[in-house]
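Please look through the sequence and the model below before reading on. The report that follows takes up the contact between the chains, then the sheets, and then a few details of the backbone.

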Amino acid sequence: MTTTIYVPCDTTALSLGADRVVQKLQQAADQKNIELHLIRNGSRGLFWLEPLVEVQTPYGRVAYGPVEPEQVDELVSAGLFDGNPEHPLFLGDISQHSYLQQQQRLTFARIGITDPICIEDYIAHGGFAGLKKAAALTTQGIVDEVKVSGLRGRGGAAFPAGIKWQTVLDEPQNQQKYVVCNADEGDSGTFADRLVMECDPYMLIEGMTIAGLAVGATLGFIYVRSEYLLSQKMLDEAIRRAEVLGYLGDNVCGNGRSFRLEVRLGAGAYICGEETSLLESLEGKRGLVRSKPPLPAIKGLFGQPTVVNNVLSLAAVPYIMAHGGKAYADYGMGRSLGTLPIQLAGNIKHGGLIELAFGASLRKVLEDFGGGTFTGRPMRAVQVGGPLMAYLPESQWDTPMDYEAFAKLGAGIGHGGVVAFDDTVDMGEQARFAMEFCAAESCGKCTPCRIGSVRGVEVIDRIRAGEHRDNNLILLQELCETMVDGSLCAMGGMTPFPVQSVMKHFPEDLMASSRPVEA
Amino acid sequence: MSETTDPKAAVKSMLVAGDWSPEIVRQEVAALQHKPGALLPILHAIQDRVGYVPEDAVPIIAEMLQQTRADIHGVISFYHHFRTHPSGSNLLEVCRAEACQARGGRALERHVQKRLNVGYHDTTADNEFTLVPVYCLGNCACGPSIRVNNDIIGRVTSQKFDQLVDALTTSVLQLK
Ligand SMILES: Cc1cc2nc3c(=O)[nH]c(=O)nc-3n(C[C@H](O)[C@H](O)[C@H](O)COP(=O)(O)O)c2cc1C
Ligand code: SF4
Ligand code: FES
């Protein structure tokens, strides 16, 4: 008798002992003479339930979680191999879980269900349908479909992808063009890019290939941050297999056009997520930000026309091509169309990946999905969109997740990371950290950012020490304005946002002297 | 960044200077130099093989790529990932970013530094651990997170950290 068992292999499941769970399961099966068919699937993104073990039974896949390695023997005794429901960790059919049922998963429809590396699995679940359609269209036809979808870049700036692609397409055809995938995912609280690469890598390959066909590029680079070695490994293997089956290479899907992909590793620099800095890095240089214009779409990698898109932007494209741009645009609100992958992180009970049509309120995300804080204490502040974005006090949590609504608050959605803090947070420390992070990660090209961030840390320290507090608060305000107005890129230009939000909404913490360090 | 003026580290790099040879560097450069924008892949390859990018590798890379030494040095020093000195037996990265802070990351950082008796970018006296800060490992829903060599570990508590240190140091002794 063979029993099929699924144990996820993404970084989070592994970080919580998934490999040891597998070992224990194998040992238990050997003892019972059960033949195990072990599938290392991706994570479904319900991280508080990881490692999530699923068993194939005659009545479907049933789940147990979170399974610690030490609990495996007990679970096996309780009938895990038969999907026995009599155990506190039994969860039943996980796809019926309210956390998943309430989502609109378009991009992440396959995640956690399939074996990430198995290309047959990918195809069986609708993979490459979009690429096949694109291969039969004209370049303009593909770009038009993306325009109809209303897809805006998910990397932070929310620029319409179709317009960017059009610019590259309109550049003369007799030159080398590139597609570059920005997989630097440097924002704290974000992991959706990582999940795509580790749990459904062919989707990114498919999206990039469609982009290549659309603009006439024959070569693509995926710039993966050096912290994501598992992503690199998964992508390299997936690219190799996609080439063998003709989804990449000299004759993509038999339409005679050529597209190849190469993964490149970054080297631990946050600023290399900024697209021009990323291009410099890919060219083998220091990651100094280039001033724009020229736009990368016109003069990008090695001076050639280049599409630079985030992982999630490119990963949305296979759905758009397979189901039509309109099907995608039917989700969302206002000018924020389609779905937004939200990453719920920090001090949160039910952290994980949520894909929702634009427009759900932040409070819904925090309460209905997050279930409150991990520590069980009251929630006090939420940072949405990464380290360069504002901290939101409770009075702002009813804002809908929509680019324009967040911009009105002086906040942003960025890459969709939502980081929750409980009431033990020292917001003065958080403001100081924003400056400290900028000082550590500034590319150094312009003075307001390079010097301003160092001075910012010093001024905040003086405020917290009670030195000339009023004058130093004015100085901090002015320093923030100088950085906003005088910086070349958003690193220096947005670092003041978290600081200003603390000055405005949590001034009592900024004024309080820093807490004594407990030994 | 990876640059250190610590005299201990300098001594260490002399001790292990035999671990690499100009030939190794030449091999790695030759294998990759045909690629467009080859420098980062080359530096990764050297660091993966030798454990760091030796300062004396710079002139070799520069000559083979027909760039100046200052160019090569400038790239190495820009990126946090590249080291110019060997690290201890275990490379320990602790996430310092916001989502981990929200789950007790700051207290964990203090515990780690106290337990190992080192600051960031330093190596313990027994050469077992080199401590490095990292800003996000993508494990932000299950922090605080650390990475030991290539393994990311989530929900790290002080006790869990101490157990890990004990396990790593005893297994090394057994190997010897
Ligand atoms: C400091 C800074 C860091 C950034 N980091 C990232 C990143 O990690 N990933 C990303 O996709 N975009 C990042 N961006 C945005 C990119 O510059 C660019 O807008 C994006 O890659 C374009 O792709 P999209 O249109 O698909 O979003 C960053 C921007 C700045 C200013
Ligand atoms: S704002 Fe900062 S990161 Fe951006 S270009 Fe200026 S120095 Fe570089
Ligand atoms: S903030 Fe620590 S892993 Fe992301």
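## The interface between chain A and chain B

Across the interface of chain A and chain B, 28 residue pairs are in polar contact, both residues being at pLDDT 80 or more; a polar contact is a pair of N or O atoms within 3.5 Å, where, within protein, one atom must be able to donate a hydrogen and the other to accept it, and residues adjacent in sequence count only if both atoms are side-chain atoms. The elements of chain A that give two or more residues to the side touching chain B are α1 (11–15), β7 (219–224), β8 (260–265), α12 (275–282), β12 (339–346), β16 (417–422) and α17 (427–441). Among these, α17(A) gives the most, with 7 residues. Helices (H or I, at least four residues) and strands (E, at least two) are DSSP runs, numbered from the N terminus. Sorted by class, the side of chain A that touches chain B has 32 nonpolar, 19 polar and 13 charged residues, where Ala, Val, Leu, Ile, Met, Phe, Trp, Tyr, Cys and Pro count as nonpolar, Asp, Glu, Lys and Arg as charged, and the others, Gly among them, as polar.

In total, 64 residues of chain A are in contact with 41 residues of chain B, contact meaning heavy atoms within 4.5 Å. The two chains bury about 3,900 Å² between them, 55% of it on carbon and sulfur atoms; buried area is the accessible area (1.4 Å probe) that two parts lose on being put together, summed over both. A:Ala267, A:Arg286 and A:Phe433 supply 14% of the area that chain A buries against chain B, more than any other three residues. There are also 3 salt bridges between chain A and chain B, each being a side-chain nitrogen of Lys or Arg within 4 Å of a carboxyl oxygen of Asp or Glu. A salt bridge links the side chains of A:Glu429 and B:Arg106, at 3.0 Å from N to O.

## How the model is read

This is a predicted model, in which local features need pLDDT of at least 70 and side-chain atom pairs count only at pLDDT 80 or more, while totals for chains, interfaces and linings use all residues. Residues are numbered from 1 along each chain as its sequence is written, chains are lettered from A and ligands numbered from 1 in the order in which they are written, and side-chain values use heavy atoms, with hydrogens and water left out.

## A sheet in chain A

In chain A, 5 strands form an open sheet with mixed pairing, in the order β2-β1-β3-β4-β5; two strands pair if DSSP finds at least two bridges between them. Because β2 (35–39) and β5 (90–92) of chain A stand at the edges with a single partner strand each, one side of each is left without a neighbour in the sheet. From one strand to the next, the twist averages 30°, with axes being lines fitted to C-alpha atoms, for helices over the stretch in contact, and angles running from 0 to 180 degrees between N-to-C directions.

Helix α2 (residues 18–31) of chain A packs on this sheet, touching β1 (2–6), β2 and β3 of chain A, and its direction makes about 160° with that of β2(A). Strands β3 (residues 53–57) and β4 (residues 60–64) of chain A run antiparallel and are joined by 5 bridges, and A:Val53 has A:Tyr64 in β4(A) as its bridge partner.

## A sheet in chain B

Chain B has an open sheet of 5 strands with mixed pairing, in the order β2-β3-β1-β4-β5. Its edge strands are β2 (122–123) and β5 (151–153) of chain B, each of which pairs on one side only.

## Backbone details

A cis peptide bond, with omega about -10°, joins A:Gly65 and A:Pro66, and A:Pro66 is found in the loop between β4 and α3 (72–77) of chain A.
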